[in-house]
Amino acid sequence: MSGVQMLTVAAGDADQRLDRWFRRQFPHVPQGRIEKMCRKGEIRVDGGRVKPATRVEEGQQVRIPPLPEPGMAPKPARPQVSEADAKMIQGVVLYRDDHIIALNKPPGLPSQGGSKQTRHVDGLAEALTFGLDEKPRLVHRLDKDTSGVLLMARTRAAAKALTDAFRSRDTRKIYWAVVAGVPQPRMGTVKWGLVKAPGHGGKGEGEKMICVHPGAVDATPGAKRAVTDYAVLQNLGQRVAWVALVPVTGRTHQLRAHMAEMGHPIVGDGKYGGSGQENLGDGWGAMLGGEISKKLHLHARSLSLTHPVTGKRLTITAPLPDHMGRTWQTLGFREDDVPEDPFEEESGWS
C-alpha cells in the first residue's frame with residue numbers, strides 16, 4: 001500500500017476527465033474504486049472535492065490517497081481489428097502526420113458505436129495507431145450514410161485544439177450532393193431552425209429533425225438555429241441538380257433536413273426524401289430510378305482547417321464514393337468543370 005501522493009497535471013494531460021487521467025497514472029485501480037474515492041473526498045484537486053467527470057487542467061495538484069500495489073494481472077487486451085478491416089480503414093487514409101489523421105469515410109460505416117452498431121470508425125481506429133500508444137480520437141462525426149472527409153486527432157493536445165476549432169467555426173466544410181429538382185435561386189442561404197422529433201421504438205430509433213421557421217425558433221422548446229449555404233453547380237434540366245453545401249452551423253441531419261424543406265431532398269435520402277417517392281421530373285422525390293443508386297448522395301468533399309501544431313492552413317479533399325461516381329458519369333457531371341469552393345468571391349461562380 002502506497003502513501004499519500006501529490007501529482008501535478010502535465011501539459012499533455014490537460015483537458016480530460018479526472019477518472020481517465022487517474023487510470024492513465026494508475027491503470028491497476030478499477031473505475032469503481034476511483035468513483036468511491038471521489039465520493040469520500042480522498043481524491044482532491046487543488047485541495048477541493050471533485051467528481052470523476054471533473055476535467056483537470058495543466059498545473060493542478062491532484063491528491064492521491066494510499067493505493068494498493070499493482071498486481072500481476074495483465075492489462076486488458078486492446079480490441080482486435082480483423083486483418084480485412086485494418087486494411088480497409090488504413091486504405092481510406094487521406095492525410096496523416098504526427099498530430100492528425102484524415103479519412104475518406106466510406107458510406108454505411110458509422111463514426112461511432114450505438115444501438116446495434118458494433119463496427120464503426122472509432123473501433124477500427126485501433127488499426128490507425130501507426131506507432132503511437134493510443135488510437136486516434138474523433139473530433140467530429142459524419143452520419144452513417146454520408147461519406148467523405150472525417151478528421152481524427154492523434155494526440156490529446158491536438159484533439160483539444162481541433163475540438164475548439166470546430167466549436168469556433170474555424171473550420172470550413174464543403175459537401176457535395178445530388179438533389180431532386182433545381183433550387184431557386186441557384187445560390188442562397190437556408191435559415192430554418194431544427195428540433196428533434198421522437199422516432200419509433202423505446203430508445204427513439206429513427207429520430208429525425210423537423211424544420212422550424214426562423215421566427216419561431218425561440219418559442220419552440222428544444223429548437224436550435226441552423227444555417228446552410230448552398231450553390232447549384234450543374235443541373236440536368238429541372239429534374240436533378242449537383243449542389244455544394246456549407247453547414248455554417250453543425251446540427252444533426254442539418255443538410256438533409258434543409259434541402260428537403262426547400263423541396264429538393266437529397267437523392268437516396270429515405271428518411272427525409274421519402275423512400276417510396278419516385279422523382280418524376282418535377283423536383284420532389286428522392287429516388288431517381290434507372291441506373292441511379294438508391295444510396296444517399298451526400299459527400300463531405302473538403303475540409304479546411306488551421307493545423308493545430310504548425311498553424312498552417314490545410315485543405316483535405318476526398319474523392320467521391322463509388323455509387324456517387326457512377327451517378328456523376330450517368331448524369332454527365334464533371335468534377336473539373338466546377339470550382340472547389342464556389343462560395344469564394346474570386347471564383348466568379350454564380
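User: Is cysteine 211 buried or exposed?
Analyst: Cysteine 211 has a relative accessibility of 16%. Buried means under 20% relative accessible area, exposed means over 50%, and partly exposed lies in between (1.4 Å probe, protein chains only). At 16%, cysteine 211 therefore counts as buried.

User: What kind of model is this?
Analyst: Residues are numbered from 1 along each chain as its sequence is written, and side-chain values use heavy atoms, with hydrogens and water left out. Local features need pLDDT of at least 70, side-chain atom pairs count only at pLDDT 80 or more, and totals for chains, interfaces and linings use all residues, since the model is predicted.

User: How many disulfides does a search of the whole structure find?
Analyst: A disulfide is a pair of cysteine sulfur atoms within 2.5 Å. Cysteine 38, at 3% relative accessibility, counts as buried. The search covers the whole structure, and the number of disulfides found is zero.

User: How many helices and strands does the protein have?
Analyst: Helices (H or I, at least four residues) and strands (E, at least two) are DSSP runs, numbered from the N terminus. The protein has 350 residues, and 45% of them count as buried. Its count is eight helices and 18 strands.

User: Why is strand β16 largely enclosed by the rest of the structure?
Analyst: Strand β16 covers residues 240-247. Val240, Trp242, Ala244 and Val246 point one way, while Ala241, Val243, Leu245 and Pro247 point the other. In a regular strand, side chains alternate between the two faces of the sheet. β16 is largely enclosed because eight of its eight residues are buried.

User: How many bridges join β15 to β16?
Analyst: Two strands pair if DSSP finds at least two bridges between them. β11 (residues 172-180) runs antiparallel to β16, with six bridges, and valine 179 stands opposite alanine 241. β15 (residues 228-236) also runs antiparallel to β16, with alanine 231 opposite alanine 244. The number of bridges joining β15 to β16 is eight.

User: Which residue in the β15-β16 turn has a positive phi?
Analyst: β15 and β16 form a hairpin. Three residues lie between the two strands. With a phi of about 60 degrees, the residue is glycine 237.

User: Which side chain makes a polar contact with that of threonine 228?
Analyst: Threonine 228 lies in strand β15 and is buried, with a relative accessible area of 0%. A polar contact is a pair of N or O atoms within 3.5 Å; within protein, one must be able to donate a hydrogen and the other to accept it, and residues adjacent in sequence count only if both atoms are side-chain atoms. At 2.8 Å, the partner is histidine 258.

User: Which strands stand at the edges of the open four-strand sheet?
Analyst: The sheet runs in the order β1-β6-β3-β4, with antiparallel pairing. Each edge strand has a single partner, so one side of each is left without a neighbour in the sheet. The edge strands are β1 (5-8) and β4 (48-49).

User: Which residue in β6 stands opposite threonine 8?
Analyst: Four bridges join β1 to β6 (residues 61-64), and the two strands run antiparallel. Threonine 8 stands opposite glutamine 61.

User: Which residues of helix α2 are buried?
Analyst: Helix α2 covers residues 31-39. Its buried residues pack against α1 and β4. The buried ones are Ile34, Met37 and Cys38.

User: Within what arc do the buried residues of α2 fall?
Analyst: The arc is that of the directions from the helix axis to the C-beta atoms. The buried residues line one face of α2, because they fall within an arc of 100 degrees.

Note on methods
Contact means heavy atoms within 4.5 Å.
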